[in-house]
Amino acid sequence: MGAVLATVVLFFSGIELLNLTLILIALAVGSVIGAIAARKVKMTAMPQLVALFNGVGGGAAALVAVVEYMVHGEADLLFLIFTVATVIIGAVAFSGSIVTYLKLQELMTSRPVVIPLGAPITILVAIATLAGGVWLVLDPQDWLLVALLALSLLFGVLFVLPVGGADVPIVISLLNAMTGLAVAASGYVLDNVLLLIAGTLVGASGTLLTTLMAKAMGRPLTSTLFGAFTAKATGAVGTGEDRPVRSGSANDVAIMLGFANKVILVPGYGLAVAQAQNTLRELAEMLTERGVEVDYAIHPVAGRMPGHMNVLLAEANVPYDQLKEMDEINPEFSSTDVVLVVGANDVVNPAARTDKTAPIYGMPILNVDAAQQVVFLKRSMRPGFAGIENAVLFDPKTTLLFGDAKDSLTKVVASLKNI
Amino acid sequence: MDGMALLTIFVLSIFVGFEVVSKVSAVLHTPLMSGANAIHGIVVMGAIIVTGTAEDLLPLILGLLAVLLGAINLVGGFVVTDRMLEMFKPKKTVKAIEGDQA
């Protein structure tokens with residue numbers, strides 16, 4: 001903390017600041033809001049908080065450029081170019097992140113939102129934004145800056161709306177990279193090396209992270225971002241057919257698990273929502289004591305952010321060596337007796353391999369359908385985040401145990417004690 | 001500082017950014033993203049500088065808003081990253097102790 005303070009003092013020494021009291025108040029209020037939000041958030045809701053933090057950062061960068069423009073007015077060409085870049089990128093990151101937040105917080109639908117003529121409108125807005133930017137550089141006028149700000153905000157919204165829930169993590173990462181670039185550009189505007197370096201670091205690392213994640217989802221970034229433009233609006237929604245499913249009791253499940261040789265647990269976001277990580281760990285420990293081989297299979301996009309599930313399980317003190325990544329665990333399913341899927345759906349949906357019309361087609365999945373028996377703990381037959389029906393649910397070797405993941409797991413644990 | 005120097009720094013920073021991320025395991029991608037998110041909260045410094053030069057009311061208000069938002073980004077980002085990393089820490093020590101006993 002002392003080092004930080006020293007840096008801050010050194011940073012501002014020699015610069016005369018007006019409005020110091022007001023600045024300190026704003027700084028204090030912002031810090032308190034940020035710290036409280038970060039302390040209070042549940043780990044399950046953390047991705048949307050990160051999205052929100054990212055958004056306000058982008059907004060701050062855009063505002064910095066606007067104020068610098070108002071105070072110093074028309075300077076040289078480079079200054080104007082970077083001001084425009086900061087405003088556009090910052091504003092897009094801001095409004096895009098807010099929409100992402102709304103999607104993840106489920107304040108709006110997490111399905112892709114396809115507005116009529118969405119693609120042409122979005123492209124038009126993008127062109128108008130760029131054209132406005134060029135115009136502002138050549139002929140700086142105040143109203144133009146306001147218009148540019150509005151257009152950029154609109155573009156951010158249009159750009160995130162059609163992205164499906166399952167792809168939102170990639171978008172968070174991309175917007176994060178964009179905010180980084182906006183901050184870097186604002187560093188150029190202010191002739192400030194610290195902002196330039198920090199912003200560029202985030203921009204570069206964010207871009208790489210985004211590509212890595214798109215690769216983990218098994219398709220190019222462009223199809224993630226623009227996929228919904230081409231897909232039919234209705235194609236994504238489950239058809240709700242009345243095929244028979246086999247549901248079992250907690251006792252059945254306990255017997256299956258207790259007498260198996262090898263069990264793989266597939267935790268999904270539903271597990272986290274039910275706060276059942278600890279109960280699952282308890283179950284895993286009991287099975288291990290009985291001599292059952294237990295592993296956790298973690299899909300790279302399990303949860304709402306890459307690596308999110310690892311954080312959640314780490315919170316529940318699950319031993320690290322039991323967490324297996326997808327490539328490592330997939331060959332193991334065929335020699336596994338029982339797979340227990342808790343609150344996951346899309347990441348085990350074979351439609352990703354077989355159904356070319358599915359929005360998740362091409363995404364690498366955990367091949368749970370290769371196991372001898374599959375048990376799903378589910379709240380209902382409702383399809384997952386991506387809104388697609390899962391054929392494994394109707395497979396004769398699949399047993400469903402309906403109910404809240406935590407209740408179900410607690411019952412299974414209780415039954416297991418009696419076996 | 002002249003444009004060439006800034007450009008050089010820009011390019012070098014890109015390399016460092018790539019280098020850093022490519023070494024981090026997928027397991028830690030969430031804290032990594034959150035940490036990167038916190039780093040660009042440094043924009044609050046820029047916000048303080050511009051607000052410090054604002055003499056009229058409108059730029060002052062916008063500048064203060066930028067300071068507020070930047071501070072939320074910076075402080076909130078670091079706190080949440082810290083909370084996450086904290087969860088990965090204790091297990092390492094537990095494992096280390098178990099290792100010692102074995």
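Modeller: Let us begin with K324(A), which counts as buried because its relative accessibility is 19%. Buried means under 20% relative accessible area, exposed means over 50%, and partly exposed lies in between, with a 1.4 Å probe and protein chains only. Before going on, please note that this is a predicted model, in which local features need pLDDT of at least 70 and side-chain atom pairs count only at pLDDT 80 or more, while totals for chains, interfaces and linings use all residues. Residues are numbered from 1 along each chain as its sequence is written, chains are lettered from A and ligands numbered from 1 in the order in which they are written, and side-chain values use heavy atoms, with hydrogens and water left out.

Biologist: Which residue forms a salt bridge with K324(A)?

Modeller: The partner is D295(A), and the closest N and O atoms are 3.1 Å apart. A salt bridge here is a side-chain nitrogen of Lys or Arg within 4 Å of a carboxyl oxygen of Asp or Glu. D295(A) lies in strand β2 (residues 293–298) and K324(A) in strand β3 (residues 323–325) of chain A, so the pair ties together parts that are 29 residues apart in sequence. Helices (H or I, at least four residues) and strands (E, at least two) are DSSP runs, numbered from the N terminus.

Biologist: And is D295(A) buried or exposed?

Modeller: D295(A) is buried, with a relative accessibility of 7%.

Biologist: How many salt bridges are there over all chains?

Modeller: The search of the whole structure finds five. Among them is the pair R353(A) and D369(A), at 2.6 Å from N to O. R353(A) is in helix α15 (residues 351–354) and D369(A) in the loop between α15 and β5 (373–378) of chain A, so this pair links parts 16 residues apart in sequence. R353(A) is partly exposed at 40% relative accessibility.

Biologist: What about K23(B), which residue does it pair with?

Modeller: K23(B) forms a salt bridge with E19(B), with the closest N and O atoms 2.8 Å apart. K23(B) is exposed at 63% relative accessibility, whereas E19(B) is partly exposed at 45%.

Biologist: Changing topic, what is the secondary structure of chain A?

Modeller: Chain A has 16 helices and six strands. Of its 419 residues, 54% count as buried.

Biologist: And how many helices and strands are in chain B?

Modeller: Chain B has four helices and zero strands, in the pattern α-α-α-α along the sequence. Of its 102 residues, 51% count as buried.

Biologist: Where do the two chains meet, and how many residues are in contact?

Modeller: In the model, 79 residues of chain A are in contact with 65 residues of chain B, where contact means heavy atoms within 4.5 Å. The area buried between the chains is about 6400 Å², and carbon and sulfur atoms give 80% of that. Buried area is the accessible area (1.4 Å probe) that two parts lose on being put together, summed over both.

Biologist: How many salt bridges cross that interface?

Modeller: The rule finds zero salt bridges between chain A and chain B. On the side of chain A that touches chain B, α1 (2–12), α2 (20–40), α3 (46–72), α7 (168–190), α8 (193–216) and α13 (308–315) each supply at least two residues. The largest share, 17 residues, comes from α3(A).

Biologist: Could you say more about α7(A)?

Modeller: α7(A) has 23 residues and reaches 33 Å from its first C-alpha to its last, close to the 33 Å expected at 1.5 Å a residue. That expected span is 1.5 Å times one less than the number of residues. α7(A) is mostly covered, with 22 of its 23 residues buried. Just after α7(A), D191(A) takes a positive phi of about 60°.

Biologist: Which residues does T179(A) touch?

Modeller: T179(A), which lies in helix α7 of chain A, touches N54(A), G57(A), G58(A), A93(A) and H40(B), not counting residues up to four places away in sequence. T179(A) is buried, at 0% relative accessibility.

Biologist: Lastly, where is G164(A)?

Modeller: G164(A) is in the loop between α6 and α7 of chain A, and is buried with a relative accessible area of 12%. G164(A) and V113(A) are 51 residues apart in sequence and 7.9 Å apart in space, C-alpha to C-alpha.
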